[in-house]
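Colleague: I am new to reading protein models. Could you take me through this one, feature by feature?

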Amino acid sequence: MAHLVSVMGVSGSGKSSSILPNEATNTKGLDPKETFIINVSGKPLPAKGSGKLYPLGIKASEGGRHIEASKPDQIIQIIQYINQNRPDIKNIVIDDMGYIMGFDVMENANKKGYEKWTQGALNFMNVINALKSCRPDIYCFCLFHTEIGKDEKTKIKTSG
């Protein structure tokens, strides 16, 4: 079973930046040779030179380490491919996990009833289960935005 790590914080708090090495802030980051980033929202990586470390658009099957994907089934396929075929990858980063559910719910916005929420939650859990089933030498970093709940406690920002 892989190691799952949740990283939560408000926008701009350094979740994505912490992936990348940065001498100015003395941040070691993750080794780019061992890291695969699944970029759910399609936002650019937040550090100068990150495009060279993690070029976008090269498939995992062609040695890529950074891809944009937001559909749960597509993300699961990427995770499974890395797990089975990329022993060089020791870190999978999903930035930002919350958007998986958000985009899934919006894609089904015109559907009536509660089922769309149940399906969105199930699809989200399927991604988490795919991560959990990875090799034991893989660390899965799930980045999340946070919000303050009705009880005034900080929680992961989700849809619904």
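Colleague: Where is confidence lowest in the protein, and where is it highest?

Modeller: Start with pLDDT, the predictor's confidence in each residue, from 0 to 100. Confidence is lowest in strand β6 (residues 154-156), at a mean of 82. It is highest in α2, at 96. The protein averages 88, and 99% of the residues score at least 70. This is a predicted model: local features need pLDDT of at least 70, side-chain atom pairs count only at pLDDT 80 or more, and totals for chains, interfaces and linings use all residues. Residues are numbered from 1 along each chain as its sequence is written, and side-chain values use heavy atoms, leaving out hydrogens and water.

Colleague: Is β4 buried or exposed?

Modeller: Buried means under 20% relative accessible area, exposed over 50%, partly exposed in between (1.4 Å probe, protein chains only). Five of the five residues of β4 (residues 91-95) are buried, so this strand is largely enclosed by the rest of the structure. In a regular strand the side chains alternate between the two faces of the sheet. In β4, N91, V93 and D95 are buried on one side, and I92 and I94 on the other.

Colleague: What is a nonpolar core, and how many residues has the largest?

Modeller: A core is a set of buried Ala, Val, Leu, Ile, Met, Phe, Trp, Tyr and Cys residues joined through side-chain atoms within 4.5 Å. The largest here has 29 residues; I92 and I94 are among those with the most contacts inside it. Apart from it lies another core, of nine residues, including V93 and F141.

Colleague: Which side chains make polar contacts with S16?

Modeller: A polar contact is a pair of N or O atoms within 3.5 Å; within protein, one must be able to donate a hydrogen and the other to accept it, and residues adjacent in sequence count only if both atoms are side-chain atoms. The S16 side chain has one of 3.0 Å with K43 and one of 2.5 Å with D95. S16 lies in the loop between β1 (3-9) and β2. S16 is buried, at 5% relative accessible area.

Notes
Helices (H or I, at least four residues) and strands (E, at least two) are DSSP runs, numbered from the N terminus.
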